[in-house]
Every structure is written in C-alpha cells, then in structure tokens.
Protein chains: 2
Amino acid sequence: MAALPPARQYQLQRCVQKLGLSASTSLHWPRLDLALTHVSADPIHNYEQLELLGDAVLRLVATECLQDQFPDATVGELSALRSILTSDRTLAQLAETLGLGNYLQLSEAACKDTLGQPARLADAFEAVLAALYLETHNFSLIRPWLDPHLQRKAREIQQDPARQNPKVRLQELTQAHTKTRPTYRTVEQRPIDGDPQRFLAEVWFQDIPWAKGYGSTKKQAEQDAAAAAYDTLYQHLMPDTAPSTRTS
Amino acid sequence: MAALPPARQYQLQRCVQKLGLSASTSLHWPRLDLALTHVSADPIHNYEQLELLGDAVLRLVATECLQDQFPDATVGELSALRSILTSDRTLAQLAETLGLGNYLQLSEAACKDTLGQPARLADAFEAVLAALYLETHNFSLIRPWLDPHLQRKAREIQQDPARQNPKVRLQELTQAHTKTRPTYRTVEQRPIDGDPQRFLAEVWFQDIPWAKGYGSTKKQAEQDAAAAAYDTLYQHLMPDTAPSTRTS
C-alpha cells in the first residue's frame with residue numbers, strides 16, 4: 001500500500017480522534033484508509049476483507065463487554081443482547097454518532113444512494129475495528145472508546161419494555177409478515193426442581209426450528225427460545241433492515 | 001473459584017500439553033476446569049458462559065487464520081470456509097483429535113448419552129479457547145497450536161470436489177429435505193466488464209432470501225450466493241447436525 005496524500009492522512013487522524021483515540025496515536029494509515037473505502041470508490045482495494053475480520057472482532061469485543069457489564073445475566077440473555085449490539089442497525093447508529101460517514105470514500109453514484117448508507121456505515125465501522133485490531137492483535141485501541149458506547153446501548157435495550165416478553169414480541173413480528181405464528185416444542189429433560197436446564201424449548205416457524213432455550217420452568221425455556229430466535233427471524237423476514245431495538 | 005484437587009490439576013496440565021502448549025505453561029487452572037465442566041456435572045459452575053465467549057474467540061481466530069492462508073480468496077469463499085471451520089461438526093472432530101473428551105466432567109447419565117457427545121465436545125472446545133484467551137487477552141496461547149489444525153481442515157474443505165459447484169450442492173441439499181429447490185434473483189447492478197460486483201444474486205428458498213453473492217458474471221454471483229447460503233440452510237434443514245464437509 002502506497003503512502004497516503006497528506007490531506008487524506010490528516011482526515012484519518014481527525015477520524016480516530018473522533019473515536020476517542022489520542023491525536024498522537026500512530027497507525028498504519030493506508031490500512032485505515034482501506035477500511036474507509038467503499039467498493040464503489042475502488043472495486044479492488046476496499047473495505048470488504050477488513051469487514052469480514054471486523055465482524056469477528058466486534059463479536060468478541062461485544063461478548064466480553066457484555067459479560068463484564070452483566071455478570072449475572074444468563075447465556076440466553078447475553079446472546080440476545082449481543083445479537084442486537086452487533087446488528088447492522090446498531091452499528092450504523094454508532095457509526096453515525098462517531099461521524100464515520102464524513103471519512104468514507106464513495107463514488108458519486110453511491111453517494112446518491114442514501115438508502116444504502118446505513119449498511120455501508122455499518123460495514124465500514126466493522127472494517128475500522130479490524131484495522132485497529134491489526135495494529136496490536138489485541139483490543140487496546142478499541143475497548144477504551146467502544147465499551148462505553150456498547151454499554152449505553154445494552155442498557156437501553158435492557159430497559160426496553162418490549163423485551164420483557166420475548167414470546168409476545170416474536171409473535172408480533174411473525175404475524176406482521178405472515179399469517180402464521182411460531183410454535184414451541186418443550187420437553188422436561190431433567191426432573192430436578194430449580195435446575196436451569198430442566199426444560200428445553202424449541203421455537204418452530206414455517207417448519208424450521210429457529211432456536212433453543214432452557215429454563216427451570218416451561219415458560220422460562222420458551223421465553224428464552226423466543227428471545228434467541230428474534231433477531232434471526234427478523235433478518236429473514238426483513239432482510240434489508242437490522243432488528244429494531246425500539247430504543248431509538 | 002477454589003483451588004483444584006491436585007489430581008484434577010495434573011489432568012488439566014496433561015490436557016494443555018496435548019493441545020501443544022508447553023508443560024510449564026502457567027494457567028488459571030480453576031477457569032480451565034470450568035471450561036471442561038458440563039452442566040450435568042454442575043448446573044451452576046459449568047462451561048456455558050465461557051462457551052459464549054469462546055464462540056467469538058474461535059470466529060476471530062478462524063477469520064485471521066483463513067485470511068493469512070488464502071490471501072487471494074474472495075470474501076464469499078472465506079466466509080463459507082469460516083462457517084464450516086466453526087461448525088459444531090468440525091469442532092467436535094478437532095476436540096476428538098485433541099483428546100478433549102478425556103478431561104470433560106459429566107454426570108453418569110450424560111456419559112451414557114453418546115449421541116450428545118459431539119455437541120458437548122464442540123462446546124467445551126470453544127470454552128477452552130475462551131479460557132486460554134482470558135489468560136492474555138490475545139491469541140498467543142491459541143494460534144500457535146490451533147492454526148495448523150484449522151489450515152489442514154481448510155485445505156481439506158477446499159479440495160472437496162462437491163464444493164466446486166455450490167449451486168448443485170445447495171440444490172441437492174434442499175431437494176433431499178423438501179420438494180422445492182432454491183431460486184436466484186440476479187441483477188446487473190453495474191455495467192462495467194470485470195467489476196467483481198457487476199452482478200448481485202440473491203438465493204431464495206421457501207419465500208426467504210438466505211444469502212447474497214457478487215460476481216463479475218451472473219453465474220459467478222449465483223455460485224457465490226449459493227456457497228454463502230449453504231451452511232445456514234443446512235442448519236435449518238438439519239438442526240441437530242453441523243454442515244458436512246464431506247471430507248471425513
């Protein structure tokens with residue numbers, strides 16, 4: 001990768017300062033430039049490979065951040081939160097807050113495609129995370145500024161009243177798009193009172209099992225399964241949007 | 001977490017040596033013990049939280065390892081490979097190779113449930129990766145021994161003749177389980193010869209779009225979409241197994 005024009009490098013320095021990194025942070029600027037180059041600006045050298053890595057970087061950072069923030073949450077709750085935190089919709093919102101769009105290189109035609117902007121921002125955001133990860137092969141350039149954003153978002157999601165009843169929420173989703181509703185197959189797999197895996201529930205929709213859940217009661221297992229299925233079903237029923245957290 | 005009985009600690013030391021770590025590696029042994037404790041052995045202190053983190057650790061390690069191994073592969077190819085590398089089936093095979101089952105604590109009843117063993121091994125394997133990650137917050141205790149396994153597996157998958165034609169393979173999968181076959185909606189989105197995103201294909205099945213693909217030809221875009229959809233569709237049509245790599 002060739003050295004960058006000074007104007008672009010100055011732009012990228014402003015960009016990382018907006019994320020919350022120190023102005024003196026020394027980075028591999030051409031890689032950060034790549035992370036902020038859409039395929040319409042360069043069909044070969046663009047953010048796509050970094051985005052693939054960044055998706056995994058984000059998933060790990062979000063998991064660790066959530067486990068630190070909610071040490072008593074169940075795996076099902078954490079997994080549902082993680083799925084929303086790493087959705088395109090949440091990422092696009094974060095990227096917007098951080099002003100990432102100002103630094104993204106696009107073709108003129110892509111610029112006019114405003115509907116595609118949230119997905120591009122989400123993708124570029126993941127690519128930027130990958131570029132920062134590759135500097136150190138750990139998360140020292142990411143977690144200090146990203147954790148507070150993820151924590152705030154996670155609190156908002158948790159406080160959302162619609163999340164208190166995942167079965168109702170899932171049924172509303174499926175009935176808004178189809179004439180059928182999800183069904184549950186629930187079995188008592190261990191006869192021990194209080195065992196958090198006493199019941200196992202599977203949520204089925206359109207002849208497909210979408211997720212499993214566990215609980216010490218039948219109801220808990222089904223709620224857990226519904227929560228785990230929501231985002232995947234949302235993506236399949238509304239492929240061009242990310243799950244609504246109903247918080248914004 | 002209390003100190004471990006010396007016999008268990010000795011067991012765990014043997015376990016990490018089998019992974020390929022040095023005998024003198026100093027670890028947080030109670031955490032590794034947790035990673036190798038199934039819920040049937042302890043309903044509260046078991047590998048479930050570590051498994052959630054380990055799933056993300058593995059995804060990141062697999063992505064980086066694949067990008068290093070195949071620097072010229074497309075994002076679609078890498079994504080399809082990653083999905084197989086991180087499937088329960090691949091993980092259970094790796095865990096088997098590494099003898100992880102010998103160190104997994106289970107109830108007697110769970111021991112007799114041999115059908116459940118591959119999933120337990122896959123889960124415990126992810127939990128062990130999380131325990132090793134938490135030692136250093138980087139992958140220095142993981143990649144040196146895991147990369148060669150992932151690379152070997154990735155080569156096997158790549159050489160599998162069935163993967164050469166993802167559309168045929170996807171059609172075989174859907175027709176083995178249903179009476180319908182996937183369809184493709186393909187549009188020319190840019191009129192430039194050779195542009196790797198000239199065509200965009202979506203693969204639809206049972207009224208749901210399962211994946212997108214891109215290519216400089218219509219056929220390439222559809223093959224890319226079929227490859228990207230395979231593992232997700234496999235999981236939905238055969239929820240209790242992981243995608244077959246047809247290599248073992």
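In chain A, three strands make up an open sheet in the order E1-E2-E3, with antiparallel pairing. Strands here are DSSP runs of E with at least two residues, helices are runs of H or I with at least four, and both are numbered from the N terminus. Two strands pair if DSSP finds at least two bridges between them. E1 (183–188) and E3 of chain A stand at the edges with a single partner strand each, so one side of each has no neighbour in the sheet. From one strand to the next, the twist averages 20 degrees. Angles run from 0 to 180 degrees between N-to-C directions, and axes are lines fitted to C-alpha atoms, for helices over the stretch in contact.

A word on what is being looked at: this is a predicted model, in which local features need pLDDT of at least 70 and side-chain atom pairs count only at pLDDT 80 or more, while totals for chains, interfaces and linings use all residues. Residues are numbered from 1 along each chain as its sequence is written, and chains are lettered from A and ligands numbered from 1 in the order in which they are written.

Back to the sheet of chain A. Strand E2 (residues 199–205) is joined to E3(A) by 7 bridges, and the two run antiparallel. One of the residues involved is A:Trp204, whose bridge partner in E3(A) is A:Pro209. Helix H10 (residues 218–237) of chain A lies across E1, E2 and E3 of chain A, and runs at about 140 degrees to E3(A).

The rest of chain A puts this sheet in context. Chain A has 10 helices and 3 strands, and along the sequence the pattern reads α-α-α-α-α-α-α-α-α-β-β-β-α. Its C-alpha atoms fill a box of roughly 65 × 40 × 30 Å, taken along the principal axes. Of its 248 residues, 44% count as buried; a residue is buried if 20 or more other C-beta atoms lie within 10 Å of its own, exposed if 12 or fewer, and partly exposed in between, with C-beta atoms placed from the backbone. Among the contacts in chain A with a separation of 6 or more, 57% come from residues 24 or more positions apart. Two residues are in contact if their C-beta atoms, placed from the backbone, lie within 7 Å.

Next come two helices of chain A. The axes of H4 (residues 75–85) and H8 (residues 143–159) come within 10 Å and cross at roughly 115 degrees. The crossing of H4(A) past H8(A) is right-handed; a crossing is left-handed if the near helix is turned anticlockwise from the far one by less than a right angle, and right-handed if clockwise. H4(A) brings A:Leu81, A:Ile84 and A:Leu85 to the contact, and H8(A) brings A:Leu150, A:Lys153, A:Ala154 and A:Ile157. Sorted by class, this contact has 6 nonpolar, no polar and 1 charged residues. Ala, Val, Leu, Ile, Met, Phe, Trp, Tyr, Cys and Pro count as nonpolar, Asp, Glu, Lys and Arg as charged, and the others, Gly among them, as polar.

How do the two chains fit together? Chain A can be laid on chain B with an RMSD of 0.1 Å by a turn of 180 degrees and a shift of 0.0 Å along the axis. The two copies are thus related as by a two-fold rotation axis. In chain A, the C-alpha nearest the axis belongs to A:Asn138, 2.6 Å from it. Both copies use the same surface, as 100% of the contact residues of chain A recur in chain B. Superposition is by least squares on the C-alpha atoms of residues with pLDDT of at least 70 in both copies.

At the interface, 26 residues of chain A are in contact with 26 residues of chain B. On the chain A side, the elements giving two or more residues are helix H3 (48–69), H4 and strand E3 (208–215). H3(A) supplies the largest share, 11 residues. By class, this side has 13 nonpolar, 9 polar and 4 charged residues.

B:His137, in the loop between helix H7 (117–136) and helix H8 (143–159) of chain B, has a positive phi of about 55 degrees although it is not a glycine. B:His137 counts as exposed, because it has 12 C-beta neighbours inside 10 Å. B:Gln206 sits in the loop between E2 and E3 of chain B, and its phi is also positive, near 50 degrees. With 16 other C-beta atoms within 10 Å, B:Gln206 is partly exposed.
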